[in-house]
Amino acid sequence: WTFWASRILFFNSRDIVDSAGDGMAVVGAGYKTGHGESAARHTLPGEVFGPCAAAALYERSLLEDVGGFDEDFFLVYEDADLSMRARLKGHRCLYVPDAVAFHRVNQSIGNLSSTYVYYGHRNSEILFWKNMPASLLALYLPERLAFDLLSLGFFTFKGRGVDFLRAKLDCLRQVRRIRDKRKEVQSTRAISIAALRSQLDRNWLRYRRKLPPS
């Protein structure tokens, strides 16, 4: 193990899980394992895709290997992006339930705020195009497009459609930058396509009611 996830509970509801480690769906959407569930259901250690960086531990060797956090992400998904790059290089993450932290979730940006929608869906898009190997990118692209269309409908209904579209347009402006980063990430991949597929969750619709990693 080269990085570890803690059991993060809500600050104001300390028997409810915010994150018992993070997962990654095939569409490039991160999610919090156990989010909203009883803390008593998540007492056993085990492998997870990555940690929520609100309370995580990383070996220095891992950070040096993957180049640390990508500062372009700035807010939301920076930990999911790091976990994806670490996984591509063969690093593994252990969930440690005895390491407990209490989280004031989204205190700085709120739920469904303009900032939340913009950075969450800009950065999720970048993560998908930057980190997904070519064969999986082609395989899961139809699902990614479906995910984006459903998200557009949802956020339009919530009055945040403009923020969602602004996020996607910003990605288009960064195509060359994303392409250059993608080349670097894919050139150093150390695991097989099959190994990565086994770590990704196909049932991405199940988690759309949950918050992305913070």
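A salt bridge is taken here as a side-chain nitrogen of Lys or Arg within 4 Å of a carboxyl oxygen of Asp or Glu. By that criterion Arg179 forms a salt bridge with Asp180, with the closest N and O atoms 3.5 Å apart. The model is a predicted one, in which local features need pLDDT of at least 70 and side-chain atom pairs count only at pLDDT 80 or more, whereas totals for chains, interfaces and linings use all residues. Residues are numbered from 1 along each chain as its sequence is written, and side-chain values use heavy atoms, with hydrogens and water left out.

Arg179 is partly exposed at 41% relative accessibility, and Asp180 is partly exposed at 43%; buried means under 20% relative accessible area, exposed over 50%, and partly exposed in between (1.4 Å probe, protein chains only). The structure holds 21 salt bridges. One of them joins Arg177 to Asp72, with the closest N and O atoms 2.4 Å apart. This pair links distant parts of the chain, since Arg177 belongs to helix α6 (residues 175–187) and Asp72 to the loop between α1 (60–66) and α2, 105 residues apart. Helices (H or I, at least four residues) and strands (E, at least two) are DSSP runs, numbered from the N terminus. Arg177 has a relative accessible area of 46% and is partly exposed; Asp72, at 25%, is also partly exposed. Both residues belong to a network of salt bridges that links Asp70, Asp72, Asp81, Arg85, Lys130, Arg177 and Lys181.

A further salt bridge connects Glu125 with Lys168, the closest N and O atoms being 2.7 Å apart. Here the partners lie in helix α3 (residues 114–131) and helix α5 (residues 161–173) respectively, 43 residues apart. Glu125 is buried, with a relative accessible area of 9%, and Lys168 is buried at 16%.

Just after α2, Gly90 takes a positive phi of about 95 degrees.

The aromatic side chains come next. Rings of Phe, Tyr and Trp (its six-membered ring) pair if their centres lie within 6.5 Å; planes under 30 degrees apart count as stacked, over 60 as edge-to-face and the rest as tilted. The structure holds eight aromatic pairs. Phe147 and Trp204 form an edge-to-face pair, 5.8 Å centre to centre with 85 degrees between the planes. Because Phe147 lies in helix α4 (residues 134–157) and Trp204 in the segment after α7 (193–199), the pair ties together parts that are 57 residues apart in sequence. Both residues, Phe147 and Trp204, are buried. The rings of Phe155 and Phe164 are stacked, because their centres are 5.9 Å apart and their planes stand at 25 degrees. Phe155 and Phe164 are buried as well. Elsewhere, ring pairs link Phe3, Tyr58 and Phe69 into a cluster.

Thr2 is placed in the segment before β1 (3–10) and counts as buried at 16% relative accessibility. Arg92, for its part, lies over the face of Trp1, at 4.6 Å from the ring centre.

Terms used. Lys NZ or Arg CZ within 6 Å of the ring centre and 35° of its normal.
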